[in-house]
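This briefing is meant to be read alongside the sequence and the coordinates. Please keep both open while going through the points below.

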Amino acid sequence: MADIICRNSILFDGSGKSPIIADVAITDGKITAIGSQLDGIHGATEIDCQGLWLMPGLLDIHTHLDLELELAPELPEVVRHGTTTVVISNCSIGVTYGHQRRNGEDPIVDCFARVENMPKSVLSRVADTCTWSDSQGYLHHLESLPLGPNVVPLIPHSMLRIEVMGLAASISRKPTRQELVRMAQLLEAGMSQGYAGFSTDALPFHFLANSPNKKKKIPTQYAGFPELSRLTNIVRRYNRVWQATPPKDNIFTAVSSFMLTSGRLYKHPLKTTVLASIDLQTNRVAMYLCLLLSSILNSRMLKGHLRFQALSSSFRIWSDGAINPIADEVPEFRVLNELELDDRSGRARILNNPQWVKAFRKMWLKGKKGWSLASILRRLRLEDVVLTRQLDDMIVAECPLASWVGETLEAPYRRLLKYQTSSSHNPSLHDEETTFFSSFPNPIKDDAAFFLHLMQAWDTDLRWETTFANRNAKTLRKLLFHKQTLPGFNDSGAHLANIGFYDGNLRALKIAQQEGLQQVSRMVHRLTELPAKFFGINAGLVRPGAQADLCIIDPVALEKWDPEKTYHFIHRSQFGCRQIVNRPDAVVRNVIIGGKMVWDNGIYSEDFGKTASGRVIRAKDHPLEQGKM
């Protein structure tokens, strides 16, 4: 007897084929029938899908939801966006081996706080819950949770190194031969237990957060090529996925490490997914270099299997003063980030230190004036930093002067210049602004002095936003449909107050919608079956016998939705902090996971978060996955 029947849907089955009008029946968590005008069954819940898109539940292949799973395992922000399967333990960090607290070390707090901009208080609470001590214990723990979506875990390299070497040793010396053997044994165990892959990280701005390690990067970044080669060879043998990030400032190291994907050199291709191919505002060729590298590695000559992840959204971030997800790439901002968030006096001492001010000014003004190699690279958009240094790119979100909110910082800077050169009071200025302007150095030298004064006066009370990548809609569209990419890199569950990309999959569908249903079908495939095949998991298709993970979308609401206008902040009680979210109204009508209706016209089911709808998904060649699809 069917539990649910979806009637008259525009069905995208995930394969990329043209959609059809069809009914879909669900029984005991499985899809049991697909056809036209299926017989009605007494007691079945019927959903009228006339004019609506029915598709497989969407996949989010790059998340840091490991932490939220311990506090809110239903992952409500994920589910309401139509995502039914998430990949966790990315960028080499996770909770796979428990809290790993030994010898006064607190690895979960140390590794996550700066890399993923997570409050230390939340991380400590999460670590308290992590009472298991090995990868099998973690799987058992995940299976005990009332999961909302399905969860696909990876083995995280930094935590693997810490488990074998301890945190202090993992960032200060090479592993011994015995330690390498032990790392290989633990990774082998994870692969045999069904973990979908292995994650590493090489981004140069991923630093630890606790003393005395604040000037050290996370442990994976201290691994040499022999260690990486040895461990990824285990992943290759199991035909699992290596998820990586590149050493963006060292092209030689990037190319040599990603050669590990080559089936020509290593007898069998290593499935490799890399973060990320995005259209940077400061460097317009970085994206093309990524795509070129991928095409070379995947060529007949090298026989690789590498895909860069592509963000489906404009890369819009919010910053609190100098604190944001990419600030650690700049040494002058990094020293501020090394302090605790509430250490305003500590930041004030740095911001007023003459040596730091001199270094800051040199950094901020680099390439802005005259003619030099730096100025040429800046004009050509070929800089080696991601962070913007343009006031007209920085929009005020919050600050002590309410009249500034919504303006770029360029606007008050221009008013300040006019104020300082005017001999009479400017009636267009508010009294509060006039008072504030009187506190600036007069004359103000340049925009570096202006921004410095804002940080000195307001610190994190100045909240500003900028879009530093994916501004061009045509370029973004090409990236999302490019054969060398996988749509992904939503970073869900990280940078709670700084970014909000839970809506990335819906944005990708909206971009495809502009070109007709066949393009929508292609994009559905790229968000469902394609990544499921790449990660080797049972997901991503609507067909009889498959687990019933489905998403129903209203195409009219999707077309009307303007994703740049629906950002807002909420307070997340589970985290004890605010979070940036972007929730499209009425776009996702229904979400079904494991045959259970968990989201219905804007309302979660009564047992959502109390009983599991999703499950832990292992690699599909694992015995527990046999017969799952």
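In which helix is the place of Ser294? In this predicted model, Ser294 is found in helix 12, which spans residues 286-297.

- Once its neighbours within four places in sequence are set aside, Ser294 is in contact with Leu306, Phe308 and Gln484.

**Buried residues of helix 4**
- Helix 4 is made up of residues 120-129, and Val122, Leu123, Val126 and Ala127 are buried within that stretch.
- In general, an α-helix has 3.6 residues a turn, so residues three or four places apart point the same way.
- The partners against which the buried residues of helix 4 pack are helix 1 (66-71) and helix 3 (107-112).

**Ile593 in strand 21**
- Ile593 belongs to strand 21, which covers residues 588-593, and Ile593 is buried, with a relative accessible area of 0%.
- Not counting residues up to four places away in sequence, Ile593 touches a set of residues including Val79, Thr84, Gly148, Pro149, Asn150, Ala548 and Asp549, and Val598, Ser613 and Gly614 are also among its contacts.
- Between Ile593 and Phe198 there are 26 Å in space, C-alpha to C-alpha, and the two are 395 residues apart in sequence.

Notes:
Residues numbered from 1 in each chain as written. Predicted model: local features only at pLDDT ≥ 70, side-chain atom pairs only at ≥ 80, totals over all residues. Heavy atoms only, no water. Helix = DSSP H or I, 4+ residues; strand = E, 2+ residues; numbered from the N terminus. Buried < 20%, exposed > 50% of the residue type's maximum accessible area, 1.4 Å probe, protein only. Contact = heavy atoms within 4.5 Å.
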